[in-house]
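Hi everyone, thanks for making time.

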Amino acid sequence: CSRRVYSALNVLFPSAQCCIVLFFGLLFTRFWLLSVLYAAWWFIDWDTPSQGGRRIHFMCKLPLWRYMRDYFPIQLLKTAELDPRQNYVLGFHPHGILVAGAFANFCTYATGFCNLYPGLTPYLLMLPLWFRAPFFRDYLMSGGRHSPTQRHASYLLRRPGGGNAVVIAVGGAPEALDAHPGAYTLQLANKKGFVKLAMEHGAHLVPVFSFGENELFDQVENPRGTWLRWIQERLQRVMGISLPLFHARGVFQYSFGLMPYRKPIHTVGESLSLRNKNPSDDELDDLHELYIDQLCKLFEEHKGHYGIPEDRHLTFV
């Protein structure tokens with residue numbers, strides 16, 4: 001079981017590099033034409049990630065994702081009714097190292113999102129960097145993943161008839177640097193773009209909290225102000241991705257490795273209707289504060305069920 005899970009958890013990060021190597025490697029073999037034909041297809045298909053993608057239900061149903069779900073385990077709890085006639089922006093917190101809760105719940109069918117919310121289709125927004133990897137971009141789209149630009153998100157939220165749920169890990173890559181076990185620090189204080197996006201498109205906003213997301217890995221201590229954090233933050237600005245120094249367990253031993261710990265993840269959410277197609281700065285600030293209050297309420301209501309002490313609260317930076 002551990003080996004199956006190891007394959008599932010590594011299907012995202014190493015595969016991008018492998019796909020790039022494969023694409024250029026084929027050019028120096030007798031199969032060079034495959035890379036040339038794919039390059040032509042890539043040029044023609046360039047805008048597909050920003051126009052709804054190309055979800056393949058077979059990929060979302062793979063048994064591999066059930067092994068991944070059961071390893072932690074991961075559970076999606078229905079704590080709010082979502083009308084399939086509406087469009088939604090789901091703010092996912094915290095980002096964590098692996099974003100395991102967001103991947104399992106919104107990119108696969110393993111946790112039953114489609115059964116809990118019939119008529120809704122989730123689309124997880126990811127860094128544009130991943131969609132520049134040949135072959136790998138097609139794998140990403142097969143699970144309903146998209147590039148996190150306003151144009152891409154707007155395309156989904158403008159679709160008539162509703163039923164679209166855009167999932168945004170609001171803290172993004174920088175928040176991964178705060179993903180320590182027992183930490184509840186969210187990069188949300190100055191993040192207002194997703195609120196404005198929901199308001200402008202008349203979409204309902206749904207704060208989502210994934211309990212256990214930060215417990216999957218240990219991370220080298222990197223408090224703000226240290227030289228390590230300074231280097232990580234500047235590399236993040238240059239590269240677009242963060243580089244947390246993390247570790248956990250191995251495949252056959254528990255002392256050290258890159259395989260995440262077996263910690264349960266429980267994802268909950270609450271619907272919040274924010275509608276104003278032309279919000280002023282004051283209105284945006286007020287609704288952003290309302291979102292934070294709703295997220296805090298969600299955290300406080302459920303934290304006791306997952307072993308979080310009463311004196312622990314969310315911190316926003």
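This is a predicted model: local features need pLDDT of at least 70, side-chain atom pairs count only at pLDDT 80 or more; totals for chains, interfaces and linings use all residues.

As a general point, nonpolar side chains in soluble globular proteins tend to be buried together. Here, the largest nonpolar core has 45 residues, and Phe72, Leu90, Ala100 and Phe136 are the ones with the most contacts inside it. Several elements give two or more residues to this core, among them α2 (13–26), β2 (88–93), α8 (136–142) and β7 (204–211). Which element gives the most? That's α6, with five residues.

There's also a second, separate core of 32 residues, including Val170, Val195, Val268 and Leu272.

Skip its neighbours within four places in sequence, and Leu90 is in contact with Phe106, Ala165, Val166, Val167, Ile168, Val206 and Val208.

Now the helices. The axes of α11, residues 193–200, and α13, residues 281–302, come within 10 Å and cross at roughly 110°. That falls in the 65 to 115 degree range, so we call these two helices roughly perpendicular. On the α11 side, the contact uses Phe194, Val195, Lys196 and Met199, while α13 brings Leu284, Leu287, His288 and Tyr291. By type, that's six nonpolar residues, one polar and one charged.

Last stop: Asp70, which sits in helix α5. Asp70 and His313 are 243 residues apart along the chain, and their C-alpha atoms are separated by 28 Å.

Note on methods: Residues are numbered from 1 along each chain as its sequence is written. Side-chain values use heavy atoms; hydrogens and water are left out. A nonpolar core is a set of buried Ala, Val, Leu, Ile, Met, Phe, Trp, Tyr and Cys residues joined through side-chain atoms within 4.5 Å. Buried means under 20% relative accessible area, exposed over 50%, partly exposed in between (1.4 Å probe, protein chains only). Helices (H or I, at least four residues) and strands (E, at least two) are DSSP runs, numbered from the N terminus. Contact means heavy atoms within 4.5 Å. Axes are lines fitted to C-alpha atoms, for helices over the stretch in contact, and angles run from 0 to 180 degrees between N-to-C directions. Angles under 35 degrees count as roughly parallel, over 145 as roughly antiparallel, 65 to 115 as roughly perpendicular and the rest as oblique. Ala, Val, Leu, Ile, Met, Phe, Trp, Tyr, Cys and Pro count as nonpolar, Asp, Glu, Lys and Arg as charged, and the others, Gly among them, as polar.
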